[in-house]
Amino acid sequence: VVFVGAHTDDWTNCGGTLARYATSGHEVLIISCTLGPTLSLADVPTLPLDELAAMRRNRAAKGVEVIGAQIMFLKEDEMMMRVDPASYQRFNKLLYSEKPDVVFAPWIVDFHPDHRAAGNLAYNAWLQGGMDFGLYFCETPGGTETETQQFIPNQYVDIESVKNLKRESLLATALKDRKS
């Protein structure tokens, strides 16, 4: 099971589903196409961008560990992700090497260009690979500036059995420590 996201925290809206897979014995890999520098977040904690990126990767790794998954960080540039033939080929090679049965990705009609790019990379890999794995789109976390557009879910996953894992993973990814 692979989740393809643009950013270190894009998987969190799908965290319950990923936790269900992991607790059922499936290998779960989360791919973050970027390393975590986010200019809009850099203003909040007043950290240098490289420190913020390292902190986001660390927190993502902790959250992913809680649900029993692994995470891989690629080196795409924030707000500069590409969907061109070379990018498709590189991503296809990476994804095919994982031999996924199921892939989750951001819905491709999203306000954020990185989310659209990640969704399109997954979609292209699905098409080019002969549609040999299940591909499911999901919403990504965000505020008003990154709301997913025209997304109408038609499948839902009962995460009651893993809701505490999802909650713990979300708390682990938070930029500020929170008390439960």
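**Getting to know this chain**

Me: Where is Tyr-123, and what kind of model am I looking at?
Reply: Tyr-123 has its place in helix H5, which covers residues 113-128. This is a predicted model.

Me: Why is Tyr-123 called partly exposed?
Reply: Its relative accessible area is 31%. Buried means under 20% and exposed means over 50%, with partly exposed in between, so Tyr-123, at 31%, is partly exposed.

Me: Which residues does Ser-169 touch, leaving out residues up to four places away in sequence?
Reply: They are Trp-11, Gly-63, Val-66 and Ile-67. To touch here means having heavy atoms within 4.5 Å.

Me: How do you know that S1 and S2 pair?
Reply: Pairing needs at least two bridges. Four bridges join S1 to S2, so the two strands pair. They run parallel, and Val-2 stands opposite Leu-29 in S2.

Me: Which way do the residues of S1 point?
Reply: Val-2 and Val-4 point one way, while Phe-3 and Gly-5 point the other way. All of them are buried. In a regular strand, side chains alternate between the two faces of the sheet.

Me: Which residues touch the most other members of the largest nonpolar core?
Reply: This core has 19 residues, and Val-2, Val-4, Met-81, Phe-91, Leu-95 and Val-103 touch the most other members. At least two core residues come from each of S1 (2-5), S2 (29-34), H4 (85-98), S4 (102-106) and H5. H5 gives the most, with five residues. Another core, of 18 residues, lies apart from it, and includes Ala-60, Val-64, Phe-104 and Cys-138.

Me: How many helices and strands does the chain have?
Reply: There are six helices and five strands. From the N terminus on, they run β-α-β-α-α-β-α-β-α-β-α.

Me: What share of the chain is buried?
Reply: Of the 180 residues, 42% are buried, which means that they have under 20% relative accessible area.

Methods:
Residues numbered from 1 in each chain as written. Predicted model: local features only at pLDDT ≥ 70, side-chain atom pairs only at ≥ 80, totals over all residues. Heavy atoms only, no water. Buried < 20%, exposed > 50% of the residue type's maximum accessible area, 1.4 Å probe, protein only. Core = buried A, V, L, I, M, F, W, Y, C linked by side-chain atoms within 4.5 Å.
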